[in-house]
Amino acid sequence: MNVLPESCVAVILSLTSPSDACKSSSVSTVFGSAADSDLVWDKFLPSDYHEIVSKACNTTFLFASKKQLYHLLCNPVLIADGKMSFKLDRPSGRKSYILSARQLSISSSNDPMFWTWKSIPESRFSEVAELTSSSRLEINGNIRSKKLSPNTKYGAYLLLKITERAYGLDLIPSETSIEIGNQSFKNTAYLRCQDDKKQRLENLFYSNRKQMMKSRVVKGEDRVMSRREDGWMEMELGEFFNGESDEEVKMSLMEIKGQQLKGGVIVEGIEIRPKA
């Protein structure tokens, strides 16, 4: 391989992955130089990176090479007037987005009787939405599939926090769904991680009502939330395979069949990220 011209090595490396290109740089001087070349990293950058860089908010990109730009984009970048976050998966170069609460369609979110918009220091966005009190919870988001990496399996996750004052979230599971093209995937999820003591008390006092209300929703896995490294909780809404056609991806979580008041949910947004 050492007899190959650097340009040939660069072409070969551009057909691998960012992770492989970085590892190969230690093979030889020729490989190291080729692995740093713009020819290689231009292939790893998304085709619309010019648009992403131009729409970045409060960020000035200073870079001397395409490799440096790639690594800058592996850190979250606010775009779309600060209402979306973008980043690349460092090992693979696949794209991920977070749609802020302001980018979502949340039923009655403009009515202060039901929802409150506020700023909190732990959010990456300027505003989050907190459910004050409502018998209906409807959260919808959408994104064009051409914005995502092609031929990639994605998962969609609702990012949220549950306040200490939360109530009415456990008696009936929420319904989640993902739609892309003519495909639709539905499931169920609980918005609170129930501790054993609380679950025993609810089963004792509300067992019959819970069973009656649960029969109203689609059958599913009754997923629960998991904690993220950034301090937020996430609820998986579903997964889908993104091919090469341009279609609308619709994501939703709703609980509208229980007819009981609920509150204490803080919504930051929906993340769409590649799955392993």
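**Close-up views of a predicted model**

**View 1. Leu 39 in helix H4.** Leu 39 lies in helix H4, which spans residues 38-44. The model shown here and in the other views is predicted. Leu 39 has a relative accessibility of 41%, so this residue counts as partly exposed. Together with Val 11 and Leu 15, Leu 39 makes a nonpolar surface patch of about 290 Å².

**View 2. The largest nonpolar core.** This core has 59 residues. Leu 73, Leu 158, Met 251, Val 267 and Ile 272 are the members with the most contacts inside the core. Strand E8 (residues 152-167) supplies the largest share of the core, five residues. Both domain 1 (4-74) and domain 2 (93-272) contribute, each with at least three residues.

**View 3. Surroundings of Ile 272, one of the core residues with the most contacts inside the core.** Neighbours within four places in sequence are left aside in this view. The contacts of Ile 272 then include the aromatic residues Tyr 97, Tyr 154 and Phe 240. Ser 96, Leu 99, Ile 143, Leu 148, Gly 155 and Met 251 are also in contact with Ile 272.

**View 4. Glu 236 in strand E12.** Strand E12 covers residues 233-242 and holds Glu 236. Glu 236 counts as buried because its relative accessibility is 18%, and buried means under 20%. Apart from neighbours within four places in sequence, Glu 236 is in contact with Ala 156, Tyr 157, Thr 176, Arg 223 and Lys 275. Leu 158 is 78 residues away from Glu 236 in sequence, yet their C-alpha atoms are 6.4 Å apart in space.

How values were computed: Residues numbered from 1 in each chain as written. Predicted model: local features only at pLDDT ≥ 70, side-chain atom pairs only at ≥ 80, totals over all residues. Heavy atoms only, no water. Patch = residues over 30% accessible without salt bridge, like charges linked within 9 Å, V, L, I, M, F, W, Y side chains within 5 Å. Areas by Shrake-Rupley, 256 points an atom, 1.4 Å probe, with all protein chains shown as cover. Salt bridge = Lys/Arg side-chain N within 4 Å of Asp/Glu carboxyl O. Helix = DSSP H or I, 4+ residues; strand = E, 2+ residues; numbered from the N terminus. Buried < 20%, exposed > 50% of the residue type's maximum accessible area, 1.4 Å probe, protein only. Core = buried A, V, L, I, M, F, W, Y, C linked by side-chain atoms within 4.5 Å. Domains from an automatic or database assignment. Contact = heavy atoms within 4.5 Å.
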